Amino acid sequence: MTTRGIDFKALSLKDALDLAVLIEQEAKERYEEFAAQMDQHRTPDAARFFRYMALNEAKHGEALAARRAELFGAAPSAVTRAMIFDIEAPDYDAARAFMSPRQAMTAALASEVKAHTFFVEALPALKDADVKALFEELRDEEVEHQDLVKAELAKLPPDSGLSDEDFVDGPTAQ
Amino acid sequence: MSANATCEFQAKDYKSDLKPIWCPGCGDYSVVQGIYRALAAIGRPPHEVAFISGIGCSSRIPGYTTAYGFNTVHGRALPIAQGIKLANPDLMVLAAGGDGDGFSIGGGHIAHLIRRNIDITYLVMDNQIYGLTKGQLSPTSQKGRTTCTSPYGSLENPVNPLLYVLAYGAGFVAQASPTDLAGMAAIIEEAIRFPGFAFVNIQSPCVTYGEEAQQIKGLKAISENLSSLGHNPADRLAAMDLAQHYGEKLHLGVFYRNPEPAPTYDALIRERQAALSKDAPPKERILDLFIKK
C-alpha cells in the first residue's frame, strides 16, 4: 500500500473522487489479472471468484466516476495511477496456483481490510470537509465489503487441508 | 536514448494477447506491468521498440509485449540486442533476463556493452535461483543456500550485480522491486531515457523456489528508498558504497546516473560511417579493395 506525491491536506473533492476511481480501477485490473492467472493454471473456482470481484470493483468505479462527472464534468484530473500502488488491489503475491475458493476469498478480504486501513490512516490528514465526508463514506463501504466477503466465506465448506505447496514439484537436480 | 513521444499510448497498448504462464504470485507479473507503464510514459509506438531476452522465466517477457521481440538463447540477450541496435539505431532496444542468464552464462557480455556504452536498457529480474529448471543455485544465490545442487548449502559468495556493473563503469545503475510498482515503472522509464547503457536490477521474488526472506513481505522489511537516504546519484563512489549492502538491504532507486553521459557507441559508429562515406568506393567496386593490383 503506497502513495506517492499525494498531498492529503490539499486534496480537493474532485481529486479525491478521481483517486477513489483510480483505486477501484487498480483493484479491478488486479482481479482480472488474477482471474487470467487462475485460468492459465486450471483453477476455475478461484478464477470465477476473482472475476466476480473485478465486476464489483468496476461497478464501484463506474458509480464514483459518474458522481465525479456530475459534479466536475470533464475538468482535468490532478491524480494519476503512478501515485498509488496496491491500495485496494490484492498483493501480487496473494495469487497461488490451485488456490481454493476459500484462499481466493481470504486474499480478497485482506484487500478490503487494506483499503479500509488506507482510508482510516488518510482521514486525519484531510482538511476539506467534503473530502473528509467522502473518505468516511468509502471507509464505511469497505467495512460493508468485508462483511459481504465474510458472509460468502461462511457459506463455503471447509477446505481439504491441502496447501498450494502440495502441488509444487520438488526441485530437480540437473 | 532519444525517446520523443510522438503520440499518446497507454499501458495496455504494449500488452500482447499472450497470457503469462508464470506461477501465480511471481514478481515478474508486477515487472511486466511496470514495463508497460514505462513504455506508455515514453510513448514510442510498439513497432519502434525491440525487446530481446535470453532464457529463463523472466526471459518470456518480450512475448507479453506488443514490441518486436526475440527470445534468444541462454545468456545471449545482450550481444543480440547489440547487433539489433547497431543495425537499426533508431529502434529503442531493451534487453531482459534473469540473474542466471545475465551473470552466469551471459556474464561476460555485460562488460563489453558497458565499455562500448551501447544505448540499451538491460533489465535483470534477480530472484537468486534458477526457477525455470526447478530450483538450482544461481550466481546471486546467498552463501549457505540449500538447493538441489547445493544440498549441504552453497560454499560460494554471490555475485553482486550492482557492484559488477558500477565497477565496469555503467552510466546508469538502479534497483527496483515489485514491492513498489509505481516506483519501478518510474525507474525503468528513467533507465530507458538515459542516453547510453542502463542497468536495472529488479528484485523479483520466485514464489515457488525462493526463500521466505526473498518474498514480497521479506523484501518490504529490508527496503529503503535511496532518495530518502539523501543519496546523490551523481556520486559513483557513494553508489558503490551503498551497492555493497546488496543481499542485506534492498536499496530502491537510482544508484548512479552519469551527469555527463559519454557518447554512445551507436552514435560514434554513425559519425564514423558518415566521415568515411565520402571516400568510400561505389558499391560495385567494393571488391576491388580485396583484389591485388
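What percentage of the 293 residues in chain B is made up of buried residues? The share is 53%, where buried denotes a residue with 20 or more other C-beta atoms, placed from the backbone, within 10 Å of its own. The model is a predicted one, in which local features need pLDDT of at least 70 and side-chain atom pairs count only at pLDDT 80 or more, while totals for chains, interfaces and linings use all residues. Residues are numbered from 1 along each chain as its sequence is written, and chains are lettered from A and ligands numbered from 1 in the order in which they are written.

Chain B contains nine helices and eight strands, taken as DSSP runs (H or I, at least four residues, for helices; E, at least two, for strands) and numbered from the N terminus. Its radius of gyration is 20 Å, close to the 19 Å of the globule rule for 293 residues, so chain B is as compact as a globular protein of that length; the radius is taken over C-alpha atoms, and the rule is 2.2 Å times the number of residues to the power 0.38. The C-alpha trace of chain B spans about 70 × 45 × 40 Å along its principal axes. Of the contacts in chain B between residues at least 6 apart in sequence, 70% join residues at least 24 apart, a contact being two C-beta atoms, placed from the backbone, within 7 Å.

We turn next to the sheet. Eight strands of chain B form an open, mixed sheet in the order β2-β1-β3-β4-β6-β5-β8-β7, with pairing requiring at least two DSSP bridges between two strands. At its edges lie β2 (68-71) and β7 (223-225) of chain B, each pairing on one side only. Neighbouring strands are turned by 20° against each other on average, direction ignored.

Strand β5 (residues 172-176) of chain B is mostly covered, with five of its five residues buried. In a regular strand, side chains alternate between the two faces of the sheet. Here F172(B), A174(B) and A176(B) are buried on one side of β5(B), and V173(B) and Q175(B) on the other. Five bridges join β5(B) to β6 (residues 198-203) of chain B in the parallel sense, whereas four join β5(B) to β8 (residues 250-257) of chain B in the antiparallel sense. V173(B) has the bridge partner F199(B) in β6(B) and Y256(B) in β8(B); A174(B) is bridged to V254(B) in β8(B).

Among the helices, α2 (residues 77-87) and α4 (residues 107-116) of chain B have axes that come within 8 Å and cross at roughly 35°; axes are lines fitted to C-alpha atoms over the stretch in contact, and angles run from 0 to 180 degrees between N-to-C directions. Here L78(B), P79(B) and Q82(B) of α2(B) meet H109(B), I110(B) and L113(B) of α4(B).

Helix α2 of chain B also holds K85(B). Is this residue buried or exposed? K85(B) is buried, because 24 other C-beta atoms lie within 10 Å. Leaving aside neighbours within four places in sequence, its contacts are L91(B), V93(B), I118(B), D119(B), I120(B) and D266(B).

Finally, 23 residues of chain A are in contact with 27 residues of chain B. Helix α1 (residues 13-40) of chain A gives the largest share of the chain A side, five residues.

Notes: A residue is buried if 20 or more other C-beta atoms lie within 10 Å of its own, exposed if 12 or fewer, and partly exposed in between; C-beta atoms are placed from the backbone.
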